[in-house]
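Subject: Structure handover and what was found in it

Dear colleague,

Please find the structure below, together with its sequence.

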Amino acid sequence: MPLTPIRKDQLSKVGLGVQRPEDVVVSRDGRVWMSDQASAAAEALPDGTLNRVGNAGGAPNGNNMDTEGRIIIANVGGLDGQGSDDSGTGPVQRLDVDTGEIEVLADQIDGIPLVASNYPHVDSQGRIWVTHSTSRSGGDAFSGDPDGFLFRIETDGSLTMLATEIEFANGITLDPREENAYVCSTTGCHVLRYPINDDGSLGEPEVYGPQLGKSVADLAAMRPLSAEQRGELGLTDGCGFDQEGNLWVTLPMSNKVVAITPQFEVVTMIEDLEGEIMQAPTNVSWGGDDMCDLYIGSIRSDYVVHARSPIPGERLVHQR
């Protein structure tokens, strides 16, 4: 199937009124759940209203789902000092959507407090892969210092540190055969690919595809930036595979969604430089019977964007 770009007039708003909907997860039965700072997760109902569940505190960021239909939440609340329990922490949490009960799965690893858990991904064994962006807060968080890391919550609840020294570790996904892990390095303006060894450890990373644009430092002398200049920025956020092996990546500062093909060509799939409807896109998620319902999260708008994808998204473990 061709990677046909999606026009702005093909975008629509879903979940009006949600607060900081950084990510979307679509259940096997088609329920659309968004990150929601006013609760833990908000379901976008067909009549346009919201079903808010739980109270995560802080800033629920990336979310995903396990095979039991529970929502895994990476809480990034410590970035602004407003953690999930007002202590500046950013734990990994699990939400029971039926009861609203929230369980903390991890709030530290190897003695390091979790300040900014960013995104979770559940693999076929039920293990949860989690990026942690930085241990800094405020303006220092985006300094470019490589203090981000990737860890995994094993099925017995133990934690394994997998990779360190990542420049603001953000979105993560695995390829369909679970042979590699892909991590968006926000201030690096690229995606890192880590080979997964037979014992579950990771090999040395490589940059997957080209740099996706300029860094903030590259354009610092040009501030304030025009929309066209912002469109040159390549800071990455979230990522996900479609069924043709294209890795879709969100570029929030340039208001773009691009796809890296298996041949490392970069195709701009959605572009809204002025932010008329798609503002600071943060994640891509697919759902629906044909897996062509595409949802795009945002931390700046009070809704998520929906479009029909030209290629179905790869089914995640909870959708199989």
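I begin with the cysteines: the sulfur of C239 lies 3.8 Å from the closest cysteine sulfur, which belongs to C184, and that is too far for a bond, since a disulfide is defined as a pair of cysteine sulfur atoms within 2.5 Å. Please keep in mind that this is a predicted model, in which local features need pLDDT of at least 70 and side-chain atom pairs count only at pLDDT 80 or more, while totals for chains, interfaces and linings use all residues. Residues are numbered from 1 along each chain as its sequence is written, and side-chain values use heavy atoms, with hydrogens and water left out.

C239 is buried, with a relative accessible area of 4%; here buried means under 20% relative accessible area, exposed means over 50%, and partly exposed is in between, using a 1.4 Å probe and protein chains only. The structure as a whole holds zero disulfides. C189 is likewise in no disulfide, as its nearest cysteine sulfur, that of C184, is 11 Å away, and C189 is buried at a relative accessible area of 1%.

Next come the charged side chains. Side chains of opposite charge can pair when their charged atoms come close, and a salt bridge is counted when a side-chain nitrogen of Lys or Arg is within 4 Å of a carboxyl oxygen of Asp or Glu. The structure holds 18 salt bridges. One of them joins K8 and E276, whose closest N and O atoms are 3.3 Å apart. Because K8 lies in the segment before β1 (12-14) and E276 in the loop between β23 and β24 (281-287), this pair ties together parts that are 268 residues apart in sequence; strands are DSSP runs of E with at least two residues, and helices are runs of H or I with at least four, numbered from the N terminus. K8 is partly exposed at 34% relative accessibility, whereas E276 is exposed, with a relative accessible area of 55%. A network of salt bridges links K8, D272 and E276.

A further salt bridge is found between D293 and R308, with the closest N and O atoms 3.1 Å apart. This pair links distant parts of the chain, with D293 in strand β25 (residues 293-298) and R308 in strand β26 (residues 304-308), 15 residues apart. D293 counts as buried at 18% relative accessibility, while R308, at 44%, counts as partly exposed. R127 and D123 also meet in a salt bridge, at 2.8 Å from N to O, and both R127 and D123 are buried.

Finally, which part of the structure encloses strand β22? Five of the five residues of β22 (residues 256-260) are buried, so this strand is largely enclosed by the rest of the structure. In a regular strand the side chains alternate between the two faces of the sheet. In β22, K256, V258 and I260 point one way and V257 and A259 the other way.

Strand β21 (residues 247-251) pairs with β22 in the antiparallel sense over five bridges, where pairing requires that DSSP finds at least two bridges between two strands. V249 stands opposite V258 in β22. β22 also pairs with strand β23 (residues 266-271) in the antiparallel sense over five bridges, and there the bridge partner of V258 is T268.

Best wishes
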